[in-house]
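Please open the structure in a viewer and keep the sequence at hand.

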Amino acid sequence: MQNIGHRISRNGLDQLGLGKVLNAFWNCSAPILYEESIRRGETQLGEGGSLLALTGSHSGRSPNDRFVVEESETSGDIWWGDVNCPMSEENFEKLLSKMLRHYEGRDAFVQDCYAGADTKYRLPIRVVTENAWHNLFARNMFIQPADSELEDFAPQFTVIQAPSVHADPETEGTTSETFIVVNLKRKMVIIGGSAYAGEIKKSIFSVMNYLMPARDVLPMHCSSNMAANGDTAIFFGLSGTGKTTLSADSSRTLIGDDEHGWGPEGIFNFEGGCYAKSINLTAETEPEIFATASRFGTIVENVLMDPESRTYDFFDTSLTENGRLSYDVTQIPNASLEGKGGLPNNIVMLTCDAFGVLPPISQLTPEQAMYHFLSGYTAKVAGTERGLKEPAATFSTCFGAPFMPRHPTVYAKLLGEKMAKQNAKCWLVNTGWSGGGYGVGDRMKIAYTRAMLNAALDGTLEKGSFVQDPNFGVLVPESCPGVPDEVLNPKNTWADGAAYDAQAHNLRRLFEENFTQFETEVTDDVKACAIRAAA
């Protein structure tokens, strides 16, 4: 094995069983990874110096191919089921051996980095990939150590990824040729059969979601920003609900766009980069994010590019509706260099309501906040997951069930305790449809959502009057600067009031059916909130 690079850890690849790779490219800079990825035919150079990468049939996560190894040390802590599907230690070893054999005589790219901006809680990780561009993705998305730290860098978790390695479902315990397997005991993740880069970052997010609660840190699938006075806000939401877009507000400092921890002293980013959806991206609607698409260091994933001008068409969905931009968070002009903020004063729960019946913004009591956090209602946006062709209503507890190894009530109880201690306000924001459901109504205008959020965060909304929504019991403001009054009441936007009532009744029923799984795990106050929501 030949080691290439000047920032090579003395804790080498032989400790992982990768001592027979041909060339190990260690902690390469972005220019070197650019050169290698283009030379190897992995990527193309785009407008302004960005890098275009196509991932083939896997243009989104493959949740049905994700597994957690069932072993004695951690098995009792895992929320087993459809989200955390068990894999035997024997089958993991088969897949790992296949992965290690694959790398024999091949090049490997290695990035040593951290997850967690707060040094008290950060996790040293190593990401090994067969493609140079995936290593650039890891470099973008995670936190870079100082050069002086790399020689003695000792990873506490390792990701080994190789899209060209495929599983045998009949003998290796998988559901297809694709596999994403987390082994908490071995402190390792292996990924094969998928080139979708998001699997790398989300696997480490799952690891952090397992580790952090035991340290009094609430791991959150959320974005976060703060005002000049340090007033911090967090935005919960699944992919496609607007976390990245709404947190990239030029009037506030961006802490991070997707994954955070809420510790005793404040909020901290798990990552060092952003992974923004690019569908319908324009300079007018999302100027900070749009500007990153033509900068050196940005990976543009699964977006159509003109072969001559090398410009991108963010409105073309022939490849996928889940096009992505991966870039260092510091590419956002107002981003925090430290990745940390204070204790949050405002909590925003984002939902993309495919039925078009939830108010565009409403204030929640602490009990309602717990209820909606456990419910995690939204719509899966087309293209976010493989095989999804159109939005579908779903409930994803904690607004991130696919990444939560522990039982949802572990995270919900932490949220409740921290909200009470901080006396934080909570807002439910619908970025989905208005005037009808998907296919009838229109998506809520970003300008309206921003105006409502600004009014919530600066205290304007709280000074006004509210009415209780008759269907869900939440408090809806009667007016908001910059937003027509009729938009605030969803029924007023529908041409057919009876049709609205029917859809609202249907959604209440779905909430009720979903929440039955938590009724024995929550307090009477939260249960009473659930009864009101489903009445």
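Which residues do ring pairs link into a cluster? Select Y371, Y377, F395, F472, F511, F515 and F518: these residues are joined into a cluster by ring pairs. Please bear in mind throughout that the model is predicted.

**The whole protein**

Now display the entire chain. The secondary structure consists of 15 helices and 31 strands. Along the principal axes, the C-alpha atoms fill a box of roughly 70 × 55 × 45 Å. The radius of gyration is 23 Å, which agrees with the value near 24 Å that a compact globule of 535 residues would have. Of these 535 residues, 61% are buried. Among contacts with a separation of 6 or more, 72% are between residues 24 or more positions apart. The protein exposes about 20100 Å², and 48% of this area is supplied by carbon and sulfur atoms.

**An aromatic pair**

Return to the aromatic rings, of which the structure holds 22 pairs. Select Y196 and Y275, which form a tilted pair with 6.2 Å from centre to centre and 45° between the planes. This pair links distant parts of the chain, as its members are 79 residues apart. Y196 lies in the loop between β11 (188-192) and α6 (198-211), whereas Y275 belongs to strand β17 (residues 273-277). Both Y196 and Y275 are buried.

**A residue in helix α5**

Next, select E172, which is found in helix α5 (residues 169-172). Is E172 buried or exposed? E172 counts as buried because its relative accessible area is 7%, and the cut-off for buried is under 20%. Show the residues around E172: leaving aside neighbours within four places in sequence, E172 is in contact with M87, N91, K94, L95, K98 and A167. The C-alpha atoms of E172 and T394 are 30 Å apart in space, and the two residues are 222 residues apart in sequence.

**A patch on the surface**

Finally, turn to the surface and select L54, L304 and L319. Together these residues form a nonpolar patch with about 250 Å² of accessible area. Focus on L319, which is placed in the loop between β20 (312-313) and β21 (324-328).

Note on methods: Residues are numbered from 1 along each chain as its sequence is written. This is a predicted model: local features need pLDDT of at least 70, side-chain atom pairs count only at pLDDT 80 or more; totals for chains, interfaces and linings use all residues. Side-chain values use heavy atoms; hydrogens and water are left out. Patches are made of residues with over 30% relative accessible area and no salt bridge: like charges are joined within 9 Å, nonpolar side chains (Val, Leu, Ile, Met, Phe, Trp, Tyr) within 5 Å. Accessible areas come from the Shrake-Rupley method with a 1.4 Å probe; for residues, only the protein chains shown count as cover. A salt bridge is a side-chain nitrogen of Lys or Arg within 4 Å of a carboxyl oxygen of Asp or Glu. Helices (H or I, at least four residues) and strands (E, at least two) are DSSP runs, numbered from the N terminus. The radius of gyration is taken over C-alpha atoms; the globule rule is 2.2 Å times the number of residues to the power 0.38. Buried means under 20% relative accessible area, exposed over 50%, partly exposed in between (1.4 Å probe, protein chains only). Contact means heavy atoms within 4.5 Å. Rings of Phe, Tyr and Trp (its six-membered ring) pair if their centres lie within 6.5 Å; planes under 30 degrees apart count as stacked, over 60 as edge-to-face and the rest as tilted.
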